[in-house]
Amino acid sequence: MKQYTFHYGRGTKSFSLDESKVIKEVDMPAVKPLTDIKQAVLDAIYHPIGQKPINEIIKPGDTVTFICNDPTRVANSFDFMPVLVNEMNRLGVPDENMQIVFSLGTHRLMTQEGRAEGVGKEVAGRLRMYNSDCNVPSDFEYFGTTSRFTPVLINKHICHSDHVILTGTIVHHYFSGYGGGRKAVLPGCAAMETVRHNHSFMMDPNAGLGRTTGNPVYEDQMEGVALWAKGRSVILFNAILDAEHRFLKMFAGDYIEAHHEACKFVDEVYGVKIPAQADITIASCGGYPKDINVYQMQKTMDNAVLATKQGGVVILLAECEEGSGSKVLEETCRTLKTADAIEAKLRDRFLIGANKAYAITRLTKKAHFILVTGLDRQLAKDMLFDGAVDTVEEALELAKQYVGDDVHYILMPTGSLTVPLYRPE
């Protein structure tokens with residue numbers, strides 16, 4: 001027997017397994033984390049991809065808007081934002097000429113305290129900060145309509161600066177291919193109707209993990225952001241973190257070219273091959289904030305199910321300290337009750353929140369999901385999970401009714417890793 005310890009919420013959960021029954025412990029390849037964060041930030045912006053160095057773009061007296069992640073995305077903005085802001089000062093941009101817009105998409109609003117925690121108290125005390133609230137129509141400006149008929153409505157706070165710097169981190173995304181890049185703007189700083197229409201393409205079979213070419217969600221986002229970005233100075237600053245939230249590499253430059261290069265690196269460090277699919281996959285979302293609620297937890301479900309046999313079990317460690325993260329998600333599951341009914345309703349009328357109900361329940365057609373969680377037990381049942389328990393041991397006992405005793409495991413300590421779908425030779 002071997003003991004394993006996985007991240008869970010703001011702590012950990014430990015459990016023991018017969019090591020001989022473990023097919024693979026999926027982990028990131030050994031990549032040395034960056035040690036000098038400040039120098040790495042400066043190296044990225046002074047040696048950008050597809051763009052001039054920062055000192056040839058930023059001029060004294062210019063105005064700059066930073067777009068930063070909300071707390072549902074691990075970005076460590078508090079590490080790089082002071083470096084970026086101080087470098088703007090050095091290039092002649094005073095604090096009063098800079099501002100931060102938090103790309104909330106359709107997520108909950110951030111408090112002043114939350115914003116300060118995100119970018120660091122020093123930066124928060126120096127720069128103006130705004131939430132992008134998708135539900136305030138007067139906050140958005142219209143930039144046309146994409147070829148897929150998505151109205152491009154973008155937050156006014158990112159529309160009138162000399163330069164806009166898109167910050168954030170990149171991992172695979174379950175229907176738009178990859179995070180980062182253009183997502184800071186759309187959906188991050190887009191109006192509800194823009195997000196709703198764009199995300200409706202998630203039901204297309206070509207929308208998926210690591211897919212860009214032919215992915216209607218990604219292509220629609222790129223087209224929409226291009227309408228906004230025309231004639232505008234847009235600078236990308238994206239980073240890739242490891243499972244312990246340490247910086248591995250930073251990319252800066254043209255928001256398209258630099259993002260493409262960054263995504264190649266994401267594939268190298270977050271794409272993992274497996275020798276076979278497992279009867280039981282035990283996965284952690286990676287702890288807080290990736291398991292802050294069901295809405296965010298679902299992304300790990302998509303990764304873990306790829307490692308699991310048809311009819312197998314996924315045991316998912318996800319504390320969900322904020323519950324489901326969406327009342328619409330809850331009500332959709334309670335009202336419609338089955339995966340097929342939820343899909344049919346969504347195809348008839350796509351609704352943000354209900355789309356997450358679809359994303360969750362569609363996976364139950366392949367595998368059984370047992371949660372190790374603090375989530376309300378009835379709520380977990382309503383969302384079609386096969387169990388909600390306090391410990392991995394309880395989950396393993398419950399899993400026996402679906403796969404028996406003679407089982408093999410795949411372990412996923414960090415749910416951000418993407419396991420390519422196994423196909424027998």
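Student: In which loop is Pro 187 found?

Tutor: Let us begin with the kind of model. This is a predicted model, in which local features need pLDDT of at least 70 and side-chain atom pairs count only at pLDDT 80 or more, while totals for chains, interfaces and linings use all residues. Residues are numbered from 1 along each chain as its sequence is written, and side-chain values use heavy atoms, with hydrogens and water left out. Helices (H or I, at least four residues) and strands (E, at least two) are DSSP runs, numbered from the N terminus. Pro 187 is found in the loop between β11 (177-178) and α5 (192-199). The peptide bond that joins Leu 186 to Pro 187 is cis, with omega about 20°.

Student: Which residue is joined to Pro 289 by a cis peptide bond?

Tutor: That residue is Tyr 288, and omega is about 0°. Pro 289 is found in the loop between β14 and α8.

Student: How many disulfides are there by the distance rule?

Tutor: A disulfide is a covalent bond between the sulfur atoms of two cysteines. The rule applied here asks for a pair of cysteine sulfur atoms within 2.5 Å, and the count comes to zero.

Student: Is Cys 320 buried or exposed?

Tutor: Relative accessible area decides: buried means under 20%, exposed over 50%, and partly exposed in between, computed with a 1.4 Å probe on protein chains only. Cys 320 is buried, at 3%, and Cys 263 is buried at 5%.

Student: Which residues have the most contacts inside the largest nonpolar core?

Tutor: In soluble globular proteins, nonpolar side chains tend to be buried together. A nonpolar core is a set of buried Ala, Val, Leu, Ile, Met, Phe, Trp, Tyr and Cys residues joined through side-chain atoms within 4.5 Å. The largest has 68 residues, and those with the most contacts inside it are Ile 158, Leu 166, Trp 228, Met 297, Leu 316 and Phe 385. Helix α8 supplies the largest share of this core, six residues. Apart from it lies another core of 41 residues, including Ile 54 and Val 83.

Student: What does Leu 316 touch?

Tutor: Contact means heavy atoms within 4.5 Å. Leaving aside neighbours within four places in sequence, the partners of Leu 316 include Cys 285, Met 297, Met 301 and Ile 370.

Student: At what angle do α8 and α11 pack?

Tutor: Axes are lines fitted to C-alpha atoms, for helices over the stretch in contact, and angles run from 0 to 180 degrees between N-to-C directions. Helix α8 (residues 294-305) and helix α11 (residues 354-361) pack at about 35°, with axes 9 Å apart. Among the residues that meet are Tyr 295 and Met 301 in α8, and Ala 359 and Ile 360 in α11.

Student: Where does Leu 384 lie?

Tutor: Leu 384 lies in the loop between α12 (377-382) and β17 (387-389). Its phi is positive, about 70°, although Leu 384 is not a glycine. At 23% relative accessibility, Leu 384 counts as partly exposed.
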